[in-house]
Each structure stands twice: as C-alpha cells, then as structure tokens.
Amino acid sequence: MKSFSAKQNCRAPSVEDVAHKLAALSHPARLEILQRLGGGRSCCCKEVVEHLDLAQSTVSQHLKILVEAGLVRYAPERQRSRYQIDQAALAAVSASVSALVESCCAGEGADI
C-alpha cells in the first residue's frame with residue numbers, strides 16, 4: 001500500500017482555502033464519512049458505504065469532494081483505494097475557525 005503523505009505546509013491557510021474546506025464540511029453525509037474515518041484508520045469506500053444509508057456512487061462523490069478539499073488523503077491500491085483523514089488539515093480548519101471566533105468576539109463582555 002502506498003503511504004498517506006501529508007503536505008508539509010507551515011504557512012497559515014488562506015481565507016479561500018478555509019472557505020473551500022468549510023464548504024466540503026457543510027454536508028451531513030461528509031461529516032458522517034469523516035466520523036467513520038476517524039481514529040486514524042484508513043478505509044476503502046465499501047467500508048464507509050456499509051455504515052451509511054447511501055449508494056456507493058454517492059459516497060464516492062462525497063469522498064472525492066473531501067479529497068479535493070484536502071481534508072481526506074487518498075492512497076490507490078490494486079483492488080480498493082484507501083481513504084484517511086488528514087488530521088493536520090482538519091486541525092488547521094479548527095484553528096482558523098477558533099481564530100475567527102476569537103477575533104469576532106474580542107471585547108465582548110469586557111464592559112461587564
């Protein structure tokens with residue numbers, strides 16, 4: 001099996017990059033797929049389909065969107081390709097949203 005290589009990127013993500021990732025996270029099925037891929041394990045599409053009430057083609061399309069957004073890594077194999085959460089990318093989105101909330105809410109409650 002090919003390894004899941006993570007992109008090494010030390011710069012802060014752009015607003016466009018964060019928006020693209022948040023758009024990928026905006027669908028309930030994609031959130032369920034991420035939950036299924038959680039725990040650092042890799043799964044093939046069939047393993048994800050077994051736990052969702054969706055067609056294989058639908059799950060494949062959602063996985064493609066998550067891969068294109070950089071939230072899930074893809075490793076092709078002979079028979080079945082494997083998918084795995086890119087934990088660093090997901091953590092970066094979380095940090096970006098936290099920073100946004102902090103900057104938007106800074107000073108609230110200071111008059112109390």
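**Sheet, core and charged pairs**

Strand 1 and strand 3 pair in the antiparallel sense over two bridges; pairing requires that DSSP finds at least two bridges between two strands. The model is predicted, so local features need pLDDT of at least 70 and side-chain atom pairs count only at pLDDT 80 or more, while totals for chains, interfaces and linings use all residues. Residues are numbered from 1 along each chain as its sequence is written, and side-chain values use heavy atoms, with hydrogens and water left out. Helices (H or I, at least four residues) and strands (E, at least two) are DSSP runs, numbered from the N terminus.

The open sheet has three strands in the order 1-3-2, with antiparallel pairing. Strand 1 (43-44) and strand 2 are at the edges with a single partner strand each, so one side of each has no neighbour in the sheet. Within strand 3, Arg82 stands opposite Cys44.

The largest nonpolar core has 20 residues, and Ile33, Leu37, Val48, Val59, Leu63, Leu66 and Leu71 have the most contacts inside it. At least two residues of this core come from each of helix 1 (15-25), helix 2 (28-37), helix 3 (45-49), helix 4 (56-68), strand 3 (82-85) and helix 5 (87-105). A nonpolar core is a set of buried Ala, Val, Leu, Ile, Met, Phe, Trp, Tyr and Cys residues joined through side-chain atoms within 4.5 Å. Buried means under 20% relative accessible area, exposed over 50%, and partly exposed in between (1.4 Å probe, protein chains only).

The structure holds zero disulfides (pairs of cysteine sulfur atoms within 2.5 Å). Cys44 is in no disulfide, and the nearest cysteine sulfur, that of Cys43, is 7.2 Å away. Cys44 is buried at 3% relative accessible area, and Cys45 is buried at 11%.

Four salt bridges are found in the whole structure, each a side-chain nitrogen of Lys or Arg within 4 Å of a carboxyl oxygen of Asp or Glu. One joins Asp17 and Lys21 (3.1 Å, N to O), which are four residues apart in helix 1 and so separated by about one helical turn. Asp17 is partly exposed at 27%, whereas Lys21 is buried at 10%.

Another salt bridge joins Asp86 and Arg73 (3.8 Å, N to O). Asp86 lies in the loop between strand 3 and helix 5 and Arg73 in strand 2, so the pair ties together parts that are 13 residues apart in sequence. Asp86 is buried at 10% relative accessible area, and Arg73 is buried at 17%.
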